[in-house]
Amino acid sequence: MPEGEEDGYSLEGFDLPHVTIEVPASQIILIAQWQQEEMILAKLRQLSEARLLQLQDYLDFLLQKEESEHQSRFKSPT
């Protein structure tokens, strides 16, 4: 990668002259992780609109709780 850019990989295909795709390392995930994410997305697509809204609220709650716990772990005792 050019100076100052994230490391990654270059992909070239057969019978595609002068075509190179650069992929930053942060965009690369393990196949097992990708499969798990696809499985979760497939389940999400089966939910009704009402259940998706409930799930969104619950995820927001969990993220707030995670952030709160993260902040309390790194607070220095006074």
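The accessible surface of the protein chain comes to about 7,700 Å², and 56% of that area belongs to carbon and sulfur atoms. The model described here is a predicted one, and of the 78 residues of the chain, 0% count as buried.

**Overall form**

The secondary structure comes to two helices and two strands, which follow the pattern β-β-α-α when the chain is read along its sequence. The radius of gyration is 20 Å, well over the 12 Å that the globule rule gives for 78 residues, so the protein chain is more spread out than a compact globule. Taken along the principal axes, the box filled by the C-alpha atoms is roughly 55 × 45 × 20 Å. As for charge, the protein chain carries 6 positive and 15 negative side chains, and the centres of these two sets lie 19 Å apart.

**The loop between the strands**

Strand 1 spans residues 8–12 and strand 2 spans residues 20–24, with His18 placed in the loop between them. Val19 is also placed in the loop between strand 1 and strand 2. His18 has a relative accessible area of 84% and is therefore exposed, since exposed means over 50%, whereas Val19, with a relative accessible area of 39%, is partly exposed. Val19 also takes part in a nonpolar surface patch of about 350 Å², which it makes together with Leu11, Leu16 and Ile21.

**The loop between the helices**

Helix 1 covers residues 31–45 and helix 2 covers residues 49–74, and Leu47 lies in the loop between these two helices.

**Separations in sequence and in space**

Two residue pairs, one involving His18 and the other Leu47, relate separation along the chain to C-alpha to C-alpha distance.

| Pair | Apart in sequence | Apart in space, C-alpha to C-alpha |
|---|---|---|
| His18 and Lys65 | 47 residues | 49 Å |
| Leu47 and Lys75 | 28 residues | 39 Å |

Methods:
Residues are numbered from 1 along each chain as its sequence is written. This is a predicted model: local features need pLDDT of at least 70, side-chain atom pairs count only at pLDDT 80 or more; totals for chains, interfaces and linings use all residues. Side-chain values use heavy atoms; hydrogens and water are left out. Helices (H or I, at least four residues) and strands (E, at least two) are DSSP runs, numbered from the N terminus. Buried means under 20% relative accessible area, exposed over 50%, partly exposed in between (1.4 Å probe, protein chains only). Patches are made of residues with over 30% relative accessible area and no salt bridge: like charges are joined within 9 Å, nonpolar side chains (Val, Leu, Ile, Met, Phe, Trp, Tyr) within 5 Å. Accessible areas come from the Shrake-Rupley method with a 1.4 Å probe; for residues, only the protein chains shown count as cover. A salt bridge is a side-chain nitrogen of Lys or Arg within 4 Å of a carboxyl oxygen of Asp or Glu. The radius of gyration is taken over C-alpha atoms; the globule rule is 2.2 Å times the number of residues to the power 0.38. Lys and Arg count as positive and Asp and Glu as negative; His and the chain ends are not counted. The place of a charge is taken as NZ of Lys, CZ of Arg, CG of Asp or CD of Glu.
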